[in-house]
Amino acid sequence: MSSPQPPSVPYEFWAPADDWCPGHVMLAANVDFIPSAPSRTAPVIRVDGLWGEHEWTLYPQPYHDKFPYLPWIPLPPRNSLCNVLRCAVDKTMWRPHPSKTNTHLVQPDVLDDIRDSLKAAKAVVAVPFHEIITSPSPSFSSVQHPQQAYIRAFEAVDRLEREFEAWRDFVEVFRNIQRSLIELFAFADWWVEVNSKSGPSFRAPTRGAIFNDANLYASHVYWSLASFLLIPSTTYSLDPQKRVELSPRSLSKSELMAPDPLRHSLPHWYYPPDVEDIADFEMAARGYASRLDFFNPTKGHKRRLDKVENRHHDEAGRQAKKAKEWQAAHPDPSNNLELRRIKDVKSAPAWFPKRQQIWDHAMLHVNTLNLARAQSPRRFTFPPLHLFWGANEENQRTFYYHYLLLRGQLLRRPVNGLPGLTTTEWKSILGNTYWKSMWPKPDANHPSHTSSFDPTKFWIYGGPLCHQ
């Protein structure tokens, strides 16, 4: 068996990575250190609003083909000159509400900076969004544009413009605005570079990504991005002079902020997710994978959610009422059963007597819209004419036969003040369906009672729809 060969990919350091995956090593380029694996414990929010060792905007995450732009996320500058995307959150950013106690508003200049950043992000992603969504190019067919980050950025800025009672809520809203904007700008940077013909340019340190594929790793090293390659330790013969130990995750190490158990005073996505596989953490945090933790709203947030839901229900009820009123004022075959029946009536058969002119004259005085607003299903004093136009000749004979035998009884119905019958009821009376249901069932105590329906004497057991 041949011994491992020197790696065919560039690397600056390597470290044993058993806590990432037993029997593996991690190669790295364009970085200052190789981070240790995150713990499997549930992520928590720190006092600074970051998610500690699980903060996905600071530490490299497993690479996903659907999100190739995430390695472009920049790390915070080492000097104190941070812009609004990476600045720390402190209490100089909010001010007391002028008329409410224990309530604060964001400082106007901070809000202006956030709005300007959102406006800039919206502008730089507009073209890439359109191209990704509509592009027939196979190289972009699997790419998912950062739609969730776009939506969340606007939602969080809208929340920032309103008042806050708890400092913790202010911190969490501000940090989630930063995460969304960082992702959007990384997407824009990725789009510019992959479509540029000038090749990679010098860049500030990036978050990068962790790869299992050597070719993907090498291509990102070429782009001067932080790149990590996780491979079995037997793959290459590595230079012992480049060996380092994994570094602890110390970029976000402030004290814990979230109480236990955590209660949610904001929508669920503001909080770090609990996942079964820590490799899915970033996906779940960004809204593209399921989370195991349940939404546990505070009483105040639950009341706000109930009010919103009630407003939605009230609005839906108002819209339904308006639609119903509009349909009543503008009936047509699509929304009214009676007009649909009139429209769908077939032409009379060839053998049927021609319609007399007086009928056409009478119909000029009938407003079908008045018929349309009548009770539905509509009731008829006498059988609707189209029931006698059936395509089945046997049914036609049966209907005519029953009508001729019952004619006198049917004529007395309106005289006796009885209501009309629906089309379905008339159909059952003119056919055998109704009369069979009136026919007695077999009785073992009276064997003389016949159990067979006699169509020539169908009426002998009567029925409340006809004999009253």
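This is a predicted model: local features need pLDDT of at least 70, side-chain atom pairs count only at pLDDT 80 or more; totals for chains, interfaces and linings use all residues.

Across the protein the mean pLDDT is 85, with 86% of residues at 70 or more.

**Basis of the values**
- Local features need pLDDT of at least 70 and side-chain atom pairs count only at pLDDT 80 or more, while totals for chains, interfaces and linings use all residues.
- Residues are numbered from 1 along each chain as its sequence is written, and side-chain values use heavy atoms, with hydrogens and water left out.

**Nonpolar cores**
- A nonpolar core is a set of buried Ala, Val, Leu, Ile, Met, Phe, Trp, Tyr and Cys residues joined through side-chain atoms within 4.5 Å; buried means under 20% relative accessible area, exposed over 50%, and partly exposed in between (1.4 Å probe, protein chains only).
- The largest core holds 58 residues, of which Leu160, Phe170, Phe174 and Trp190 touch the most other members.
- Helix 1 (108–134), helix 2 (147–160), helix 3 (167–194) and helix 5 (281–285) each supply at least two residues of this core, and helix 3 gives the most, with 14 residues.
- A second, separate core of 15 residues includes Val9, Trp14, Ala29 and Leu238.

**Cysteines**
- The count of disulfides (pairs of cysteine sulfur atoms within 2.5 Å) is zero.
- Cys21 is partly exposed, at 25% relative accessible area, whereas Cys87 is buried, at 14%.

Terms used. pLDDT is the predictor's confidence in each residue, from 0 to 100. Helices (H or I, at least four residues) and strands (E, at least two) are DSSP runs, numbered from the N terminus.
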